[in-house]
Amino acid sequence: MAGAPAVSVILPTYNRAAILERAVRSVLAQTFRDLELIVVDDGSSDDTPLRMRAISDPRLIYLQQPRSGSAAIARNTGVRAARAALLAFQDSDDEWLVDKLRRQVDTLQAAPAQTGLVCGGYIILPRSGAPSYMGADVRMQRGDWGADNIYDFCFITPTWLVRRSALEAVGMFDEQMPNLEDWELSFRLFRQAVGIVAMNQPLVLKHGGADSLNWDATSRIRSLQLIIERHADLWQQHPRVLARFHDELGRLHSRMGNMAEGRAEFRSALRLDPKPAKRWALLLASCLGRGGYRRLRAVAGGA
């Protein structure tokens with residue numbers, strides 16, 4: 001589009017007025033200046049509108065929509081409003097490091113033409129305890145993506161820079177996903193042979209919080225089930241990867257006290273891949289009730 005910025009940044013938010021400005025200003029402070037920031041307010045009832053309208057930067061676009069409760073819907077709203085050929089995403093509780101976009105744009109320009117996504121590492125700042133770093137392993141740094149390690153795609157959307165054409169080609173974010181919509185999208189990008197470059201350097205400070213959609217176990221269970229269904233043909237070719245999904249479902253059910261459902265998931269995982277000893281330990285733990293599961297899991301080192 002004529003006069004369009006180089007990068008459109010989409011930031012969904014809901015009732016986070018107290019911390020939203022930190023995320024917004026970390027985008028507007030980027031050394032890469034040719035951007036627009038589209039804040040999509042998913043029906044906030046706090047003073048988010050007042051605070052956003054008080055920011056005078058002309059690159060900030062503030063959109064309001066009725067409450068959907070879906071990060072995927074809010075992100076897609078932002079994508080449809082975006083004018084740039086390159087898209088980036090921010091979360092309302094995170095911070096970008098000041099040269100995040102500059103490093104990613106340079107990396108994308110130097111990458112092969114089929115590259116559609118550049119992502120990178122992030123520093124986790126927990127509510128208690130020491131910070132930690134999440135980044136690319138050796139295979140990811142080599143660009144060696146396969147169904148076995150795409151499961152380990154750990155790059156949250158605030159670390160993404162994606163070509164709009166690649167995102168639209170795979171259908172954007174799945175609005176039926178309660179959460180994990182970025183992880184599910186990474187599988188579709190992989191299946192469409194979109195090139196992925198993983199930068200093993202920190203780009204984002206991830207604060208997170210108890211109100212994050214990814215903390216909701218019920219929503220996570222439904223999202224995992226949808227991922228299994230959406231990509232059933234892929235998992236048929238890679239049963240060990242499917243076993244890992246059933247492992248996580250088993251853990252989630254067991255932690256919630258749904259022991260019968262947890263046992264069923266662990267048995268499904270073992271039928272697909274019976275070798276991991278921890279998997280047998282989890283099945284045993286799930287037979288001991290919720291309290292027994294927690295104790296045995298602790299003894300097993302968080303298996």
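## The second largest pocket

In this predicted model, the second largest pocket is lined by P112, Q114, T115, G143, W145, F190, A193, V194, G195, I196 and V197. The space in this pocket comes to about 160 Å³.

Which strand gives the largest share of the lining? Strand β9 (residues 195–206) does, with three residues. Seven of the lining residues are nonpolar and four are polar. None is charged.

## Helix α11 against helix α12

Helix α11 spans residues 239–255, and helix α12 spans residues 259–272. Their axes come within 8 Å and cross at roughly 165°. Angles over 145 degrees count as roughly antiparallel, so α11 is roughly antiparallel to α12. The crossing is left-handed.

Both helices supply a list of contact residues. From α11 come P239, L242, A243, H246, D247, L249, G250, R251, H253 and S254. From α12 come M259, E261, G262, E265, F266, S268, A269 and L272. Eight of the residues in this contact are nonpolar, six are polar and four are charged.

## Helix α12 against helix α13

Helix α12 also packs with helix α13 (residues 277–286). Here the angle is about 160°, and the axes lie 9 Å apart. These two helices are therefore roughly antiparallel to each other. Again, α12 passes α13 in a left-handed crossing.

On the α12 side, the contact uses M259, R263, F266, R267, A269 and L270. On the α13 side, R279, W280, L282, L283 and S286 take part. This contact has seven nonpolar residues, one polar residue and three charged residues.

Definitions and conventions. Residues are numbered from 1 along each chain as its sequence is written. This is a predicted model: local features need pLDDT of at least 70, side-chain atom pairs count only at pLDDT 80 or more; totals for chains, interfaces and linings use all residues. Side-chain values use heavy atoms; hydrogens and water are left out. Axes are lines fitted to C-alpha atoms, for helices over the stretch in contact, and angles run from 0 to 180 degrees between N-to-C directions. Helices (H or I, at least four residues) and strands (E, at least two) are DSSP runs, numbered from the N terminus. Angles under 35 degrees count as roughly parallel, over 145 as roughly antiparallel, 65 to 115 as roughly perpendicular and the rest as oblique. A crossing is left-handed if the near helix is turned anticlockwise from the far one by less than a right angle, and right-handed if clockwise. Contact means heavy atoms within 4.5 Å. Ala, Val, Leu, Ile, Met, Phe, Trp, Tyr, Cys and Pro count as nonpolar, Asp, Glu, Lys and Arg as charged, and the others, Gly among them, as polar. On a 1 Å grid over the protein atoms alone, a cavity is a set of points where a 1.4 Å probe fits but cannot get out, and a pocket is an open set with protein on both sides within 12 Å along at least five of seven lines; lining residues have an atom within 4 Å of a point. Grid points are joined across faces, edges and corners, and a volume is the space filled by probe spheres set on the points.
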